[in-house]
Amino acid sequence: MMWRPLDMWNAGLAWAAMRVFIARSGFVLNMPAKDRMALTDAMASGEVDSVDEIALRLSPYLGMPA
């Protein structure tokens with residue numbers, strides 16, 4: 001069996017990239033793992049399919065660094 005990390009870990013890689021993008025924009029994301037998983041599932045299922053909806057769901061968890 002061949003291990004394909006991007007097939008298995010796309011969500012983790014996407015969250016890591018998003019955290020870097022948010023940090024470079026001057027914010028921090030304080031989103032519990034269960035909420036990140038729920039958003040990931042909603043995006044994978046097609047329930048959430050627009051940037052506006054993703055931004056709306058992320059906005060309560062964004063803050064300024066201490």
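Figure 1. A salt bridge here is a side-chain nitrogen of Lys or Arg within 4 Å of a carboxyl oxygen of Asp or Glu. The model is predicted. Glutamate 47 meets this rule with arginine 57, their closest N and O atoms lying 3.3 Å apart. Glutamate 47 sits in the loop between α2 and α3 (51-58), and arginine 57 sits in helix α3, so the pair ties together parts that are 10 residues apart in sequence. Arginine 57 also forms a salt bridge with glutamate 53, at 2.8 Å from N to O. Glutamate 53 and arginine 57 are separated by about one helical turn, because they are four residues apart in helix α3. Together, Glu47, Glu53 and Arg57 are linked in a network of salt bridges. Glutamate 47 is exposed, at 55% relative accessibility. Arginine 57 is partly exposed at 29%, and glutamate 53 is partly exposed at 26%.

**Figure 2. The salt bridge of lysine 34 and aspartate 35.** The side chains of these two residues meet at 3.8 Å, N to O. Lysine 34 is exposed, with 64% relative accessibility. The salt bridges come to three by the rule used here.

**Figure 3. The largest nonpolar core.** Nine residues build this core: Trp15, Met18, Ile22, Leu29, Met31, Leu39, Ala42, Val48 and Leu58. Helices α1 and α2 each supply at least two of the core residues. Helix α1 gives the most, with three. In soluble globular proteins, nonpolar side chains tend to be buried together. Alanine 42, one of the core residues, touches Glu47, Val48 and Arg57, leaving aside neighbours within four places in sequence.

**Figure 4. Threonine 40 in helix α2.** Threonine 40 belongs to helix α2, which covers residues 33-45. Its relative accessible area is 18%, so threonine 40 counts as buried, the limit being under 20%. The threonine 40 side chain reaches the backbone oxygen of arginine 36 at 2.8 Å. Threonine 40 also touches Ala11 and Trp15, not counting residues up to four places away in sequence.

**Figure 5. Serine 45 in helix α2.** Serine 45 is placed in helix α2. Serine 45 is exposed, with a relative accessible area of 55%. A polar atom of the serine 45 side chain lies 3.1 Å from the backbone oxygen of alanine 42.

**Figure 6. Serine 25 in the loop between α1 and β1.** Serine 25 lies in this loop and is partly exposed, with a relative accessible area of 43%. A polar atom of its side chain lies 2.9 Å from the backbone oxygen of phenylalanine 21. Serine 25 and methionine 64 are 39 residues apart in sequence. In space, the C-alpha atoms of serine 25 and methionine 64 are 10.0 Å apart.

**Figure 7. A nonpolar surface patch.** Phe27, Leu62 and Met64 make a patch of about 290 Å². Phenylalanine 27 is found in the loop between α1 (5-24) and β1 (28-29). Phenylalanine 27 is partly exposed, with a relative accessible area of 35%.

**Figure 8. The chain as a setting for the close-ups.** Three helices and two strands make up the elements of the chain. From the N terminus on, they run α-β-α-α-β. Of the 66 residues, 18% are buried. The chain exposes about 5,200 Å², and carbon and sulfur atoms supply 65% of that area. Among contacts with a separation of 6 or more, 55% join residues 24 or more positions apart.

Key:
Residues numbered from 1 in each chain as written. Predicted model: local features only at pLDDT ≥ 70, side-chain atom pairs only at ≥ 80, totals over all residues. Heavy atoms only, no water. Buried < 20%, exposed > 50% of the residue type's maximum accessible area, 1.4 Å probe, protein only. Polar contact = N/O pair within 3.5 Å; in protein donor to acceptor, adjacent residues only side chain to side chain. Contact = heavy atoms within 4.5 Å. Patch = residues over 30% accessible without salt bridge, like charges linked within 9 Å, V, L, I, M, F, W, Y side chains within 5 Å. Areas by Shrake-Rupley, 256 points an atom, 1.4 Å probe, with all protein chains shown as cover. Core = buried A, V, L, I, M, F, W, Y, C linked by side-chain atoms within 4.5 Å.
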